[in-house]
Amino acid sequence: MSKPFERIAVVGTGTLGAQIALLASNAGYRVTIFDQRAGAFAEMINRLHTDLQTKGVDPFIPYDRWEKCKNQVQEFTELEAAIKDAELVIEAVPENLELKREVFRELGQKALPEAILATNSSSIPVSNLEENSGRPERCLNLHFYMVLQGMNIADVMGGTKTLPEVIERGKTWVRSLGCIPLTVNKELLGFCFNRIWRAIKREVLYMWANGFVDFRDVDRAWMKFTGREDRPGPFGLMDNVGLDVIYDIEMVYYRDSKDPKDHPPEALKNKIEKGELGVKTGTGFYTYPNPEYLQDDFLSPSG
Ligand SMILES: NC(=O)c1ccc[n+]([C@@H]2O[C@H](COP(=O)([O-])OP(=O)(O)OC[C@H]3O[C@@H](n4cnc5c(N)ncnc54)[C@H](O)[C@@H]3O)[C@@H](O)[C@H]2O)c1
């Protein structure tokens, strides 16, 4: 597999940044990282390890490679030192427009002039950040999903001035990590797969909130339809993400379209106000740690 770069830097090594750094190390890149909280990377890798093992997931990178890949990643306590030699810098700091603009401004000043700058943002098109970098033609969205859980896909989308060769190198890099690039040819909120997932969420929330169906039946149908009886349906998935996070994401789409049909339902807000946020609070649509959808009779005709 051809490698479009040798040296990669990751800025922000939480849930997603840590996975991207581990993946790049696994693929043989020299990886340098910076997080405003020293030690965040190692802590997150340990947390992901425990979480995936508990869920019985067979991870995208086998567990016996994690330690070596982790040790090859070089952590710096200064942003400048972490990014100064990198040919590609990808940021995965929290989803906050002003914060990301500030990070892009610093990356533009401190990275090599020819370096490509990418954002892993789930909802912010790079066109909202590119001018801050001073090099809009070398900026793009590279949006990874939960790769270690087996979702080895990444959306690739340019901004208003991104050079075609930058998109191509981004796609080649994604492939070299063992991931499938999902190319978005024109700027689209939600990119490729998030946009599909969002259409599903909007419909199932509408059906549930207006009393048309029981949410469990939606999940039963989904599990049968996809043939993945070991994975939750849309409501179980939303519980895993966090219902507060889901609400905020739906509001991003609503603010963009201003279409009342895109507004998340009041019933979802009521659950959030009651502290029913999903897995993280023990109650969402289901109760945890043993949600109904994992029980033997969930998909039984007599259940
Ligand atoms: N969590 C997901 O499922 C998911 C999936 C795809 C994309 N994303 C996107 O990835 C990005 C990161 O999300 P996450 O879930 O990994 O967040 P997270 O909160 O788990 O991690 C963010 C990390 O950034 C660090 N950070 C904060 N400010 C910083 C700064 N100025 N410089 C360097 N580091 C800084 C934090 O210390 C933390 O370790 C977001 O844009 C999000 O939309 C998240």
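Two strands pair if DSSP finds at least two bridges between them. Helices (H or I, at least four residues) and strands (E, at least two) are themselves DSSP runs, numbered from the N terminus. This is a predicted model, in which local features need pLDDT of at least 70 and side-chain atom pairs count only at pLDDT 80 or more, while totals for chains, interfaces and linings use all residues. Residues are numbered from 1 along each chain as its sequence is written, and side-chain values use heavy atoms, with hydrogens and water left out.

**Strands side by side**

- Strand β1 (residues 7–11) runs parallel to β4, and four bridges join the two.
- Within this pairing, Ile8 has Leu88 of β4 as its bridge partner.
- β4 also pairs with strand β5 (residues 116–119), again in the parallel sense and over four bridges.
- Here Ile90 stands opposite Ala118 of β5.
- In a regular strand the side chains alternate between the two faces of the sheet.
- Which residues of strand β4 (residues 88–91) are buried on each side? Leu88 and Ile90 are buried on one side, and Val89 and Glu91 on the other, so both faces are covered (buried means under 20% relative accessible area, exposed over 50%, partly exposed in between, with a 1.4 Å probe and protein chains only).

**Around the ligand**

- The shell around the ligand has 22 residues, and Thr15, Asp35, Glu95, Lys100 and Ser122 come nearest (a residue is near a molecule or strand if one of its heavy atoms lies within 4 Å of it).
- By type, the shell divides into 10 nonpolar, nine polar and three charged residues. Ala, Val, Leu, Ile, Met, Phe, Trp, Tyr, Cys and Pro count as nonpolar, Asp, Glu, Lys and Arg as charged, and the others, Gly among them, as polar.
- Thr15 has a polar side-chain atom 2.9 Å from an oxygen atom of the ligand.
- Lys100 has a side-chain N or O atom 2.8 Å from a ligand oxygen atom.
- For Ser122, a polar side-chain atom lies 2.8 Å from an oxygen atom of the ligand.
- On its own the ligand has 830 Å² of accessible area, and the protein covers 76% of that. Accessible areas come from the Shrake-Rupley method with a 1.4 Å probe, and for residues only the protein chains shown count as cover.
- The elements that give two or more residues to this shell are α1 (15–26), α5 (97–110) and β6 (139–144).

- Ala40 lies in helix α2 (residues 40–55). Ala40 counts as buried because its relative accessibility is 7%.
- Not counting residues up to four places away in sequence, Ala40 touches Thr13 and Asp35 (contact means heavy atoms within 4.5 Å).
- How far apart in space are Ala40 and Glu75, C-alpha to C-alpha? They are 9.8 Å apart, although 35 residues separate them in sequence.
- Arg135 sits in the loop between α6 (130–133) and β6. At 6% relative accessibility, Arg135 is buried.
- Leaving aside neighbours within four places in sequence, Arg135 is in contact with several residues, including Leu107, Gly108, Pro113 and Glu130.
- A polar atom of the Arg135 side chain lies 3.2 Å from the backbone oxygen of Ala111. A polar contact is a pair of N or O atoms within 3.5 Å; within protein, one must be able to donate a hydrogen and the other to accept it, and residues adjacent in sequence count only if both atoms are side-chain atoms.
- Lys271 belongs to helix α12 (residues 266–273). Is Lys271 buried or exposed? Lys271 is buried, because its relative accessible area is 12%.
- Beyond its neighbours within four places in sequence, Lys271 is in contact with Trp208, Leu243, Glu276, Gly284 and Phe285.

**Backbone details to look for**

- Phe191, in the loop between β8 (180–184) and α8 (193–209), is not a glycine, yet its phi is positive, near 60°. Phe191 is buried at 2% relative accessibility.
- Lys258 is not a glycine either and has a positive phi of about 60°. Lys258 lies in the loop between α11 (243–257) and α12 and counts as exposed at 61% relative accessibility.
- The peptide bond from Tyr288 to Pro289 is cis, with omega near 20°. Pro289 is in the segment after α12.
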